[in-house]
Amino acid sequence: MESQRKSSGDEDAGERGLLHAWRGYSCGVTPERLLLPQPVLQVALGTRHGVLLVEGGHVYSVGDLPWKQSPAAASEPHTLESALSGQRVVAVAAGSFHSGAVTEDGAVHMWGDNAAGQCGLPGLLAVPNPTPVALSDSDASPPQTVAVLELACGGQHSLALSARGQVWAWGSGPQLGLAASVFPVWKPQKLEHLAGRRVLQVACGASHSLALVRCLGPQDVHRPPVDKCRQCNQLLYTMTDKEDHVIISDGHDCPLGVELTEEAGMAPLQEAETSPSETAPPSQTSSDPASDAAHHRDSGTEDTGPPPDSEEASARVASGVKGSRYPDEQAVRDYLRKLSGDAPAGRGTGPPPGGLHAPPSAGALASSALNSLVTSCASAVGERVVSTYEALSFKKMMNYLPSAAARSAAAPAGGDNAPAPERVRPEAKKSSSTGDIREEDAEGLRRRLSLPGLLPQVSPRLLRIAARPGTRAVALAPPGGAVPEAQEVFPTLQTEVWSWGRCEQGQLGHGDNLSRSQPLCIKSLNNKEVIRVAAGARHSLALTAQSQVFSWGSNSCGQLGHMESPSTVPRLAKLSDGIRVWDVGAGEKHTLLLADGDCIQPIIYYSGQRAGEGPEPGAAEEPPAGGGFTPQPVLLPFCMNLRYVSSVFAGGQQCMALSDRNVMGFIAGLHELAAAERKFYCRLCGIKTEVVRPLLELESLGPALGPALLGLLLALTGSFGRLCLLTGRHAASLTANLRRGRDVRRLLVLDNGGVFLDSHREYCVAVGDFLVMGGFQTLAKPPL
């Protein structure tokens, strides 16, 4: 019996972790099978080499290895990295000409080209064998060794993601995100710009970097906003006045070459204790040099000029005025009285015009402090006056509107059955930053008008919006604590994509070609539920939970999967309906997409540079339009012969796919379960977008249903949103299981079955309650 089990296990081992390699796309291309002693678990590809992680934690290098001292080792098909023997490797990475590995205990080993410091080992131009690289957190007391989860390597830099969700960088170039002025950076340093955020994944291109970051929740602490950056002295907020509405954008990044100092970072907390909701962002700037100097004093920087009493009082009063919407008038009067009392004898109760006869040591100080006080008070009081006049203007406008009068007259007659006052639905607006789409605040009373105070000065567009019947805003996504078990166990879908580095082809995705030395969030990908990012040489990819692919950057060979060339903002890749992508790979000038087709077996799409000038001699197929590249993703004809592909990899001009045979039926069952869950989530999202949201936005929904049925409908949509979110997270966890472990015992649904049962039971109860009360028959009436 034991001998039979052993033989069966050996047979299964020969059917798992099969690696296939090919170059480009053409009609006659045939993938080559790479034979290794153990099943392959992970692959990383550089420009001309690759790193393979096999079962048991062993690492092999393939391709051109010029940094190897032995010519015989460099010429072998695959070379075992014996320096890692005795250590279990859990992750590998490959840059253009260097490699990295992460062991089970979180240690980092690097080898390869080190001319730009990308291996983190000073004094060496090349590192022939894997060598440990120390990552130490000096902020901790005592300094602690950083445990690393995964690596990402680019052309001249490397990134490490720690177990705490922090990013460490070393090497050369603005793609480090450190804003350093001296390169190379030999010692790994932490990205302070992403401090306080949880990073889920990092990716490196040739000269740019990407990070997948979890969105900040309500439990995260937000520091009060500051007016200017303390590194480059630029405004953190920009304003644009469009159609009588002020739009504020926070898309700030320091320019290249800015050196970080010890004082660089967030401004200290203001002394006035205010909640984040009460602290308004800065909306006015002053060109007065005195006010600018006063602002620097308010920021908390050291200044040795003025006396301590006057300076502290000025900072305290100014910070109190700025930090609160209700300035402390008594403190202002006391400070003015102190200024008048400290005036030298012979000047009377007030200063002479212009202060020409005041001594320089006292007059200059009093004038500077007074200017600071006046500027601060004017800013705070102006904010209050604008909001007050705005509220009065909007109230007058609503009273003069016929629809408002009719609604106010009909409200008492409706009694308890009358619907509650509803909010005005906002319209989407475009901010000052290119490619940054924002939505204005839905509260009409908080909208800022450029000419407040009088009814004739209100914009006609706002009058038209206010005259429309209001719509009820219903949140389909569950609140933060609706599914606590799923939030902690399953992957999150509330993510953001940050990018930094060089941007000559728009590979950063911010709508321009400006390089950035600090991470900046790609606003157009917010709320897209991105679960994975990939970076090619000069293009970038983002994969969403709804199986969509966004691409941006260089499109010289059609590697973006659409016809925009180049694209400085993320755009959807052109794929046929029903194709659900769940893994991506980005090379130098090509892209690989692993998707679900009509059958259980996955299919592979290729987009980018072709392998040759055209098809093989004798082939009937003509080369696609575009000459030497594919303008849109094309299906690889041999993908069905690879059986159950679990992940795809791209690097340089090489392509690789990792696949499994049907091992005792488990592999086919895992792929079928994951494909069904991804399809189910896409269907739920389609229902939410095409049915539920338009239904809730109907103007006559509330009066037609009544308060009882309306409450049941809201409960139904809430349970539907929670079920949809749980399904999306489960699909993401199944996809991650296929890409890494492919182990049935690690499925999260086995240990968290109660979460699924509770969500489905809640949804079924809500559907039954709505059905019993005749809700669906009411929704089907002709008037609706």
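Is Tyr763 buried, partly exposed or exposed, and what is its relative accessibility? I looked this up to open my notebook, remembering that I am working with a predicted model. Tyr763 has 25% relative accessibility, so it counts as partly exposed; the buried class stops under 20% and the exposed class begins over 50%.

**Entry: the partner of Tyr763**

Next I looked for aromatic pairs, and the structure holds five of them. In one, the ring centres of Phe720 and Tyr763 are 6.2 Å apart and the planes meet at 50 degrees, so I noted this pair as tilted. I then checked where the two residues sit. Phe720 belongs to helix H11 (residues 701-739) and Tyr763 to helix H13 (residues 753-772), so the pair ties together parts that lie 43 residues apart in sequence. Phe720 is buried, at a relative accessible area of 8%.

**Entry: another ring pair**

I also looked up Phe770 and Phe776, which form an edge-to-face pair. Their centres are 5.0 Å apart, with 85 degrees between the planes. Phe770 is buried at 0% relative accessibility, whereas Phe776 is partly exposed at 37%.

**Entry: helix H13**

Does the length of H13 agree or disagree with what its 20 residues should span? At 1.5 Å a residue I expect 28 Å, and the end C-alpha atoms are 29 Å apart, which agrees.

Then I asked which residues of H13 are buried. I wrote down Val755, Phe756, Ser759, Ala766 and Phe770. These residues cover an arc of only 105 degrees around the axis, so they sit on the same side of H13. On the other side, I found Leu757, Cys764 and Val772 exposed. Just after the helix, Gly774 has a positive phi of about 75 degrees.

**Entry: the nonpolar cores**

Which residues touch the most other members of the largest nonpolar core? That core has 35 residues, and my list reads Trp22, Val549, Val584, Leu592 and Ile604. Several elements give two or more residues to this core, among them strand E29 (580-586), strand E31 (603-608), helix H10 (666-696) and H11.

Leaving out residues up to four places away in sequence, its contacts include Trp22, Leu592, Val634, Leu642, Val648 and Ala657.

Finally, I noted a second, separate core of 29 residues. Among its members are Ala44, Val51, Val92 and Trp168.

Definitions and conventions:
Residues are numbered from 1 along each chain as its sequence is written. This is a predicted model: local features need pLDDT of at least 70, side-chain atom pairs count only at pLDDT 80 or more; totals for chains, interfaces and linings use all residues. Side-chain values use heavy atoms; hydrogens and water are left out. Rings of Phe, Tyr and Trp (its six-membered ring) pair if their centres lie within 6.5 Å; planes under 30 degrees apart count as stacked, over 60 as edge-to-face and the rest as tilted. Helices (H or I, at least four residues) and strands (E, at least two) are DSSP runs, numbered from the N terminus. Buried means under 20% relative accessible area, exposed over 50%, partly exposed in between (1.4 Å probe, protein chains only). The expected span of a helix is 1.5 Å times one less than its number of residues. The arc is that of the directions from the helix axis to the C-beta atoms. A nonpolar core is a set of buried Ala, Val, Leu, Ile, Met, Phe, Trp, Tyr and Cys residues joined through side-chain atoms within 4.5 Å. Contact means heavy atoms within 4.5 Å.
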